[in-house]
Amino acid sequence: MSEIDIASYIDNSLLSPTAIAQEVEQYCQQANQFGFPTVCVYPSMVSQATELLQNKQTQVCTVVGFPTGATTSAVKLYEAKEAVENGATELAVVINLGWLKIGLYDKIYQEIAEICSETRQTVKAILETNLLTDTEKRLAAEICMDGGATYLETSTGWFGGATVADVSYLNQLTKGRVGIKASGGIRTLEQALALIEAGATRLGTSHGVNLVKQQRDPVRNI
C-alpha cells in the first residue's frame, strides 16, 4: 500500500454550502498542482472551474440532486445536462432513497439510465450507505450498475462518511464492474489507505492536500 500515489485517487471536493469563488480557484489550483483526477463543486460553480482547468488534466465533477436525492427525475436530468453544457465531465447523482425504501426500483433505474444515456458522461451514483441496510445497498448497487453508472459512491458526507466495511461490501458486490468512490469524513492518510485497500478507486474529500502531504512527509504533523 505504501507504493500507492494517494493524489491519483482524490476528487478535490468543495461542497460546503458557503463555498465562494475564491475557494473554487484555490481547489482548482490544488488539483492541478497535485494531479488530482477531479475537482468536485456545486453546479453553480462548474463554469468557473471549467474555465480555470481548461487544457489541464484535472476534470470537473459536480453533484446532482444533492444532498437528499429527493428532487424529481426531470429536475435531476436538467441539472445534469446543464452541468455538462457548462463543462462537467463527471456527475455525482444522489439516488432517491425514499423510492429505494418502498421498492420503486424501476424509477431509480430509469432515472440513472436516462442521465447516463442523455449526458454520456461519467456518472457516480451516490447510495448514502449509512442510511441503508445491506440488502438495500445490494439492491441499489445492482440497479445503478444496470442503469449504466460508472461508479458507486458511498456517501454525500451529510449523513455520515465512508466506512471500510461499506467499501468492502460494495467491492464484493461489484466484482470490478464499476469503480467505487469512498466519500465523506476522510481526513487521515491511514483512513484513505484503508479505504483503497478495501476497494475504493476514488476518494471524495476536502482534505486532499493534507492527505498528500501526510504521505510525502509522514514525519510532519499536518
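Mentor: Keep in mind that this is a predicted model. Let's start with a bridge: the partner of serine 13 in S2 is cysteine 40.

Trainee: What makes S1 and S2 a pair of strands?
Mentor: At least two bridges are needed for two strands to pair. Strand S1 (residues 10-14) and S2 have four bridges, in the parallel sense, so they pair. The strands S1-S2-S3-S4-S5-S6-S7-S8 run as a closed barrel of eight, with parallel pairing.

Trainee: Why is the pair of phenylalanine 34 and phenylalanine 36 called stacked?
Mentor: Planes under 30 degrees apart count as stacked, for ring centres within 6.5 Å. Here the centres are 5.8 Å apart and the planes are at 20°, so the pair is stacked.

Trainee: How do you know that phenylalanine 36 is buried?
Mentor: Buried means under 20% relative accessible area. Phenylalanine 36 has 1%, so it counts as buried. Phenylalanine 34, at 14%, is buried too.

Trainee: What makes the pair of tyrosine 42 and phenylalanine 66 edge-to-face?
Mentor: The angle between their planes is 75°, and over 60 degrees counts as edge-to-face. Their centres are 5.9 Å apart. Both residues are buried, and together with Trp158 they form one aromatic cluster.

Trainee: How do you know that the charged end of lysine 124 lies over the ring of tyrosine 151?
Mentor: The charged end must be within 6 Å of the ring centre and within 35 degrees of the ring normal. For lysine 124 the distance is 5.4 Å, and its charged end is found to sit over the ring of tyrosine 151.

Methods. Residues are numbered from 1 along each chain as its sequence is written. This is a predicted model: local features need pLDDT of at least 70, side-chain atom pairs count only at pLDDT 80 or more; totals for chains, interfaces and linings use all residues. Side-chain values use heavy atoms; hydrogens and water are left out. Rings of Phe, Tyr and Trp (its six-membered ring) pair if their centres lie within 6.5 Å; planes under 30 degrees apart count as stacked, over 60 as edge-to-face and the rest as tilted. Buried means under 20% relative accessible area, exposed over 50%, partly exposed in between (1.4 Å probe, protein chains only). Helices (H or I, at least four residues) and strands (E, at least two) are DSSP runs, numbered from the N terminus.
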